[in-house]
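Hi,

Here is the structure I promised to pass on. My notes follow below it; have a look whenever you get a moment.

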Amino acid sequence: MKWFDYAAPRSVAEAVRLLAAHPAARTLAGGTDLLVQLRSGRKETDLVVDIKRIPELNELRYDPAAGLTLGAAVPCYRIYQHAGLRLAYPALAETASLIGGTQIQGRASVGGNLCNASPSADTVPLLIALSATCHIAGPQGTRAIPVEDFCVAPGRNILTPGELLVSLHVPPPAPHSGARYLRFIPRNEMDIAVAGAGVSVTLDHGHFRSARIALAAVAPTPLLVREAGDALAGRPVSAESMGAAAELAKAAARPITDMRGTAEYRRHLCAVLTRRALEAAVAQAKGN
Amino acid sequence: MSAPAYQVVGTRPIRHDGADKVTGRALYGADLELAGLLHGFVLRCPHAHARLRRIDTSKAEAFPGVKAVVTAADFPPSGDRMVDLGEGETPLSYIRGNVLASGKALYCGHAVAAVAAVNVHVAEEAAGLIEVDYEVLPHVTTALDAMREDAPLVHEELRTKEFGAPGSRPSNVAEHFRHEMGEVERGFAEAEVIVEREFHTSTVHQGYIEPHNATALWNNDGRVLIWCSTQGSFVVRDTTACILDLPVSQVKVTPLEIGGGFGGKIPVYLEPVAALLSKKSGRPVKIVMSRKDVFEGTGPTPGSFIRVKIGARRDGTITAAEAYLAYEAGAYPGAMVASGAMTVFAAYHLPNVRIDGFDVCVNKPSTAAYRAPGATNAAFATESVMDELAENLNVDPLDFRLKNAAREGARRADGVKYRRIGCVEVIEAMKNSEHYRSALNGPHRGRGVAIGYWFNVGLASSCTISVNEDGTVNLVEGSTDIGGTRTSVAMQAAEVLGIAAEDVHPVVADTDSVGYTAVTGGSRVTFATGWAAYEAAQDVVRQMRERAARLWDVDPDAVEAVRGQYRAGSHRATFRALAAQLNRTGGPVVGRATVNPKGAGGSFSGVICDVEVDPETGKTTILRFTSIQDAGKAIHPAYVEGQMQGGSVQGIGWALNEEYYMTAEGTMANASFLDYRIPTCYDLPMIETIIVEVPNPGHPFGVRGVGEANIVPPPAALANAIYRAAGVRMRRLPMNPAAVMEAIWAAAK
Ligand SMILES: Cc1cc2nc3c(=O)[nH]c(=O)nc-3n(C[C@H](O)[C@H](O)[C@H](O)COP(=O)(O)OP(=O)(O)OC[C@H]3O[C@@H](n4cnc5c(N)ncnc54)[C@H](O)[C@@H]3O)c2cc1C
């Protein structure tokens, strides 16, 4: 690992100034991706900008009317330990607890998981299914975009030099809604998703009112399969309707063959995971 | 004959190194700090096979903070010759070549140069400035591909040793040997059922937690001092001396604590490099591998292609068996195919056998031992075929094995005639176990069994025991302690001396301070070093009897010593009381022994496992797993159980997920613990254990080594269980979820 400078700004404005002045700078949240990449030589930098001391990036606030504000540097353990959040977004709390083990969860953030822009990032399909938005600050001011538009290629996101993800916003859960993220890993822990499916559903008297389905690790970016969710809207809750949506998810997947799985196997898993995630989300929605 | 009653042997005292290990005080190689210490970094070849046209180190040498740079050109100018470091005759150029490549790099990860600098980051950055002009050559990474006529040659000068005689044509096959017994064709003609199958196993790594490390100081007096993590301090001494053209007495090796080895820490990689860097810089140099270095630059166990054919009569008697074993040696000859051939049918009494073994060089890291090396691959094949045969014959798989089990007096095709062995007892213990007799219900579930064997070895060990005035003793041995052997060795001395295990203080000494001791490997330490401790303790007892005789003014032969109680006529004294009198009776007492025992007793083991296979994902969940093993005599039962559990877990990883995933370029794609998937505790049930004790007649306490046989049956047992759960016969390792799913799809077509 080569030498680099380190800065820990106290405000968003200061962070943006530093990032804009150093095009090779890297933003540091929990560092559980970044430090690994720097040590292995996969990334290089001359300045690391630690964002953990900026108040807005540590905000974690849930309001039944306004929804969830999740600061980009909030570590996973704070997410699943937050009682209000656990009640309102159980799937999000559960997914935050999937990442790494206890030590990793003490540092790793959902913001970092998203900004790292790995196709296999575990929290991203669920954020997409929950219709979350990204709040971004940069030299030109702030902007907000849906999570599904944030990643553009493996390891690349839409942030331009000087920009920073400040927070994520998740709308309040609708009545009779449920969500779930399921991943497939060969082991039971400490593994990267071979494929993953995040879903959210809203029910209405035995029918789907709406649904959103997104996939992990089967395309260059986390993938919103809009048509699979739309196909459920208005349909009765049944094995048949969920199976059909699962087949649409499978058809949308564009996986590659690598050491983590073959393309054919991954496509197959998309259907299995989507169906299982839908069943779990429906069960949860029926309880709400 | 009833078993002798022991006071210490068979109990479970707390290990002597326990406090240091659990408090983090134990000193490992990476912890070592010396005044003026430099840090080394090894530059490794990124190609599977490449000619080294030119290496320019000038920019690295000029980099601020760099104190030395070495390449193979820095080895002493002595030419090539054959050397024997205990593993048979090997060209010195191969031994040196694997430490620093010269001429060609033979695998991705092959060390090419090394830098010593003020810290490891500077060393790494400087290593990046070394300019290597690689001519990338065609590569070959599997045994079958490497055996083809048109395969790229790993070593242009290599000729196949065919049935002992050298061949004339260049080849990647270093050796082809055959063991034959009886009349194989006639045996198959007599068979009523024959099953013949082909199997593939992937290259797998031992996966020890602690990466290799070495610190060396080339002292001003010309002596080379080395601190390292090794399974054999004398192997490191002898190999380093050989590579550097020094007399063995010029090298002193101090083994530090070892965080696992499983055979992988027998070869020498870093020590001579650190020594050369120290010679050039005049300062001590420490090198610690990264995990990637460990995967790519150290010896995994061979991948293999195996064909096994077994024929039996309807009554379940095996009439003939045949095996074809082609093992990947990696970059240099020496795949563990000889031991694969010794073990492939070791569990069975067979009249007619033919075994062909091929030692095949490929462009992968030079392979090393891994817990019963070669045997797990072979058992995967044999025990899968045995399972299929039992199914065809419609008999219980354990009854089928029992009917053909090897017993005392049986001869193997490689010539060995068994002394007392515990094969039958292990199978019977499996049959009688609560696990095997329990019902397994539920869909997608299945139970599999398999057995395995490892022969174990003897070899030289030395030990001294000095008596302290307080009635305790200090025991000095040379076996680096991987699996709790300080304690299992100390217990054997304690048993002889009639004192508590806690009253023996075992020390693993450096190579200047103890007599020659062979590697910690071959499950030999509790057997052979334990025997040395037994003999040294007998020596102490003999001397203590003399001391008592002097005190009591009787003839030494009149003094009886039983379990630490010394008596002659009406005189009585404990070991402790006599120890307190040492100064009055002639001074210190030191017992010593050096042994080279021949009576190593092989160990059989078995596995019963229950699995559930998810029919939609192909993922195998292990519901229950029992390991059964013949320990001969379990000196410390808890450590025997620990070995059985550890071997089982490694076997499970090998079976289900572990593999060197090779890219088209011949590089390893998954050189990290993230993608090289060893099982975590979330992937395992509690491994149940059943210790069988069929004493080894070749050891004073009946010890058989237990470190290895336990890894042999798991892959086959899991394959057999998966078959019953999912209906597919898996003949390629690993049986990961995707592979099982694809087999399920293929079966449905
Ligand atoms: C042992 C281990 C296990 C893991 N297990 C999992 C797992 O199960 N599932 C999974 O998905 N991931 C896993 N990861 C990967 C990693 O932990 C997650 O991606 C984590 O969420 C990253 O968050 P972080 O805060 O550590 O990000 P960092 O490493 O700090 O940052 C990640 C990337 O995003 C950039 N970045 C961070 N914050 C911002 C910001 N606010 N604005 C702009 N750019 C930013 C950084 O510059 C960097 O490029 C694991 C990692 C390890 C080491």
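This is a predicted model: local features need pLDDT of at least 70, side-chain atom pairs count only at pLDDT 80 or more; totals for chains, interfaces and linings use all residues.

A crossing of two helices is left-handed if the near helix is turned anticlockwise from the far one by less than a right angle, and right-handed if clockwise. Residues are numbered from 1 along each chain as its sequence is written, chains are lettered from A and ligands numbered from 1 in the order in which they are written, and side-chain values use heavy atoms, leaving out hydrogens and water.

Now the helices (DSSP runs of H or I, at least four residues; strands are runs of E, at least two; both numbered from the N terminus). In chain B, α12 (residues 397-404) packs against α13 (residues 423-432) at about 160°, with axes 10 Å apart (axes are lines fitted to C-alpha atoms, for helices over the stretch in contact; angles run from 0 to 180 degrees between N-to-C directions). The crossing of α12(B) and α13(B) is left-handed. On the α12(B) side, the contact (heavy atoms within 4.5 Å) is made by B:L398, B:D399, B:R401 and B:L402.

Chain B also has an open sheet of 7 strands with mixed pairing, in the order β10-β9-β11-β19-β18-β17-β12 (strands pair if DSSP finds at least two bridges between them). Strands β18 (residues 318-330) and β19 (residues 353-361) of chain B run parallel over 9 bridges, and B:Y327 has B:D359 in β19(B) as its bridge partner. Helix α11 (residues 375-393) of chain B packs on this sheet, touching β12, β17 (304-312) and β18.

Best wishes
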